[in-house]
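I opened this notebook to keep a record of what I looked up, one topic per entry. The entries follow the order in which I went through the structure.

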Amino acid sequence: MTCRSLCMILAAALSAGTAAAQPDLAVQRADPWLPPHARVPDGRPSPAGPALQALALDKLRRRFEAADAPGFGTLSRSQAQGAGLGFVAEHFDRIDAARSGHISFEELRRYLARPR
Amino acid sequence: MPPLRFFLATLRRSRPLPAALLALLCAACGGGGGEGGGTAPPPISPGFTDTTAYSAAPEASLATPTEATAVTRHQLGLEGRTLAYTAAAGHLTAAQVGSGTPQASLFYVAYTLDGQAAAARPLTFFFNGGPGSASMWLHLGSFAPRRLATGMPSTALVSRFPLVDNAETLLDVTDLVFVDAVGTGQSQAIAPATNRSFWGVDSDARVFRDFIARYLAANGRQASPRVVFGESYGALRAAVLAEELEAAGVGLDGVVLLSSVLDYNSNCAVTAQAGISCAGYLPSYAATAAHFGLASPAPANVGAFVLNAMSFADQRYGPAVAAFIAGTGQPDTTLISELSALSGASATTWHSAFNLRPGTYRESLLPGQLLGRYDARIAGAANGPLARDGDPSLTVVNAPFVTAINELLAQQLNYRSSAPYVSFSNAIEHWQWRHDGRNLPDAIPDLAAALLLNPRLRVLSLNGWHDLATPVHQTALDLRRLGPRPTVTVHHVAGGHMTYLDDASRRAQRAALGEFYRTLRTAP
């Protein structure tokens with residue numbers, strides 16, 4: 001038996017095996033799919049309008065607070081950079097309207113509210 | 001005869017023998033090609049081999065990642081002009097933005113047009129979803145320089161599709177990078193992290209952020225306009241990733257959401273909870289009925305018919321379903337007969353399941369047939385081979401795509417590896433769904449936050465009418481929560497979930513994308 005003919009026999013066996021009732025999870029669990037244990041929506045309505053905008057700002061506030069590890073309520077440019085909050089580091093001079101070297105979340109919020 | 005011994009040892013170790021491995025071994029036999037109906041694959045040239053043993057196992061991690069890449073040059077003839085481009089296939093180390101800690105070694109294939117000025121040349125990162133799916137669908141089916149010609153919608157079960165030049169490629173307007181999530185393709189976590197560390201909504205988006213930052217730095221592309229392009233769960237990832245990129249200061253110019261599931265709390269089929277309205281599915285039922293000639297009266301213009309069904313879903317069916325779920329109202333017979341005329345489903349079906357789920361619709365529209373979930377136009381006998389895994393439209397394409405990605409990497413892109421390319425992993429079993437304090441992710445707040453940080457961020461949402469997995473109108477309802485936005489555009493056409501598999505749909509989506517790329521970095 002040559003290598004090539006052995007190959008063909010194996011390929012035939014393989015395709016026959018695939019055609020048998022082997023479940024294809026890539027099809028059965030195709031996107032979007034949740035495993036049964038995860039099918040637990042919280043039942044809350046998803047926010048829209050002003051509630052959604054507040055939530056968007058909250059995401060940024062949480063990032064700000066995580067970067068402000070000592071809890072002083074302000075961030076320096078290097079604190080922001082080190083915490084991965086590059087947006088604040090890059091826009092720092094424009095956010096820091098008072099030129100104090102530290103910005104508060106309120107200053108960041110005001111910067112975002114301005115037309116850019 | 002060493003190959004034979006290796007063969008048998010492999011067979012004993014793992015059953016079934018992966019088709020890709022068999023193909024590789026058979027290629028090693030050499031000579032006498034051409035049997036099996038197809039043309040012989042081109043000979044494998046000597047060169048690049050990544051010897052790292054990549055693994056998709058939950059606890060797997062790499063001790064010594066490599067950024068080795070196979071580079072090849074190609075040409076594509078388009079409408080009388082020729083595009084010369086470079087393909088790079090390999091890994092980059094995603095290191096955490098901020099701390100610089102290595103996180104994961106991500107596998108990617110990049111197609112870049114030769115001789116372009118980086119600062120003006122857009123760069124798009126593509127990924128599928130799952131979670132747990134490799135990005136082979138977008139890579140092989142959509143807008144890369146070459147694509148598989150699938151002939152969808154079709155019910156033919158074939159073992160391979162021809163790889164053809166792609167007249168709808170986006171290469172003339174953007175460079176394209178197809179990235180595989182951790183634990184898919186050949187992407188793997190770096191110690192001390194394990195693959196499982198990145199199997200969650202947030203950790204997954206962050207490692208994509210870190211990959212993009214690394215790609216930009218490694219290729220001198222920090223000035224290039226950049227876009228993320230996600231499909232299905234990948235669209236949710238794109239929305240979460242958009243906020244991560246903006247907050248990290250990596251920056252982003254555009255987001256393409258293809259066949260998106262943006263809020264797992266709003267899609268009535270994924271949780272199968274009684275309290276979630278299926279009104280977002282109605283226009284997709286209408287499009288399906290029109291396709292099978294079951295809408296009455298038969299619409300002269302399907303697009304207008306679908307738009308009308310959207311209005312009907314908003315004004316009539318949606319409020320009635322809400323009242324039905326709340327227990328404050330029962331459907332009247334006029335509404336039932338209108339729904340039946342619109343959807344093709346019988347009045348009996350609507351009476352017994354007024355909040356009609358797509359699974360019920362797919363089983364009941366055509367007697368003895370199961371309609372496709374990804375493309376409802378593709379139906380198969382309920383007990384036949386097409387329906388064996390629950391979706392005829394995915395069964396007809398799945399195996400040929402897996403075969404093709406392995407052949408493309410080894411034969412066209414000169415990328416060879418000792419490890420298999422993992423097209424679908426079990427990441428979804430382990431996935432951490434919790435996000436922003438909710439059990440199931442809702443990425444609309446992420447999109448709102450990204451738009452807050454970057455008011456010029458362009459968002460293009462693409463859907464196919466015949467997609468019964470991520471229905472067009474549910475996407476519209478989710479995006480409507482953002483309120484009117486000058487930089488958010490919605491575009492829908494005939495076709496399924498992988499809309500691009502249909503030649504006419506791909507052409508239409510390519511036109512919408514061309515307009516989208518023209519607006520990048522412009523004021524709204």
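Entry on H8(B) and H9(B). I began with helix H8 (residues 302–326) of chain B and helix H9 (residues 333–343) of chain B, whose axes come within 12 Å and cross at roughly 145 degrees. I noted for myself that the model is predicted, and then looked up the hand of the crossing of H8(B) and H9(B), which is left-handed. On the side of H8(B) the contact is made by B:Ala309, B:Phe312, B:Arg316, B:Tyr317 and B:Ala320, and on the side of H9(B) by B:Leu335, B:Leu339 and B:Leu342. Sorted by class, the contact of H8(B) with H9(B) has seven nonpolar residues, one charged residue and no polar ones.

Entry on H5(B) and H14(B). I then turned to helix H5 (residues 233–248) of chain B and helix H14 (residues 444–453) of chain B, which pack with their axes 8 Å apart at an angle of about 30 degrees. The crossing of H5(B) and H14(B) is left-handed. When I listed the residues that meet here, I found B:Ala239, B:Val240, B:Ala242, B:Glu243, B:Glu246 and B:Ala247 in H5(B), facing B:Asp446, B:Leu447, B:Ala449, B:Ala450 and B:Leu453 in H14(B). By class, the contact of H5(B) with H14(B) comes to eight nonpolar and three charged residues, with no polar ones.

Entry on S13(B) and S14(B). In which sense do strand S13 (residues 458–464) of chain B and strand S14 (residues 488–493) of chain B pair, and over how many bridges? I found that S13(B) and S14(B) pair in the parallel sense, over six bridges. As one reference point within this pairing, I wrote down that B:Ser461 has B:Val490 in S14(B) as its bridge partner.

Entry on backbone geometry in the loops.
- The bond from B:Gly130 to B:Pro131 is cis, with omega near -10 degrees, and B:Pro131 has its place in the loop between strand S4 (123–127) and helix H3 (136–141) of chain B.
- B:Met152 and B:Pro153 are joined by a cis peptide bond with omega about 0 degrees, and B:Pro153 lies in the loop between strand S5 (146–148) and strand S6 (163–165) of chain B.

I also noted B:Asn414, which is not a glycine and yet has a positive phi of about 60 degrees; this residue is found in the loop between helix H12 (392–412) and helix H13 (427–430) of chain B.

Entry on chains A and B. Last, I looked up the interface, where 49 residues of chain A are in contact with 62 residues of chain B. On the side of chain A that touches chain B, the elements giving two or more residues are helix H1 (3–19), helix H2 (25–28), helix H3 (49–67) and helix H5 (86–90) of chain A. I divided the residues of this side of chain A by class and have 30 nonpolar, nine polar and ten charged.

Technical notes. Residues numbered from 1 in each chain as written. Chains lettered and ligands numbered in written order. Predicted model: local features only at pLDDT ≥ 70, side-chain atom pairs only at ≥ 80, totals over all residues. Contact = placed C-beta atoms within 7 Å. Helix = DSSP H or I, 4+ residues; strand = E, 2+ residues; numbered from the N terminus. Nonpolar A, V, L, I, M, F, W, Y, C, P; charged D, E, K, R; others polar. Pairing = 2+ DSSP bridges. Axes fitted to C-alpha atoms, helices over the stretch in contact; angles between N-to-C directions. Left-handed = near helix turned anticlockwise from the far one by under 90°.
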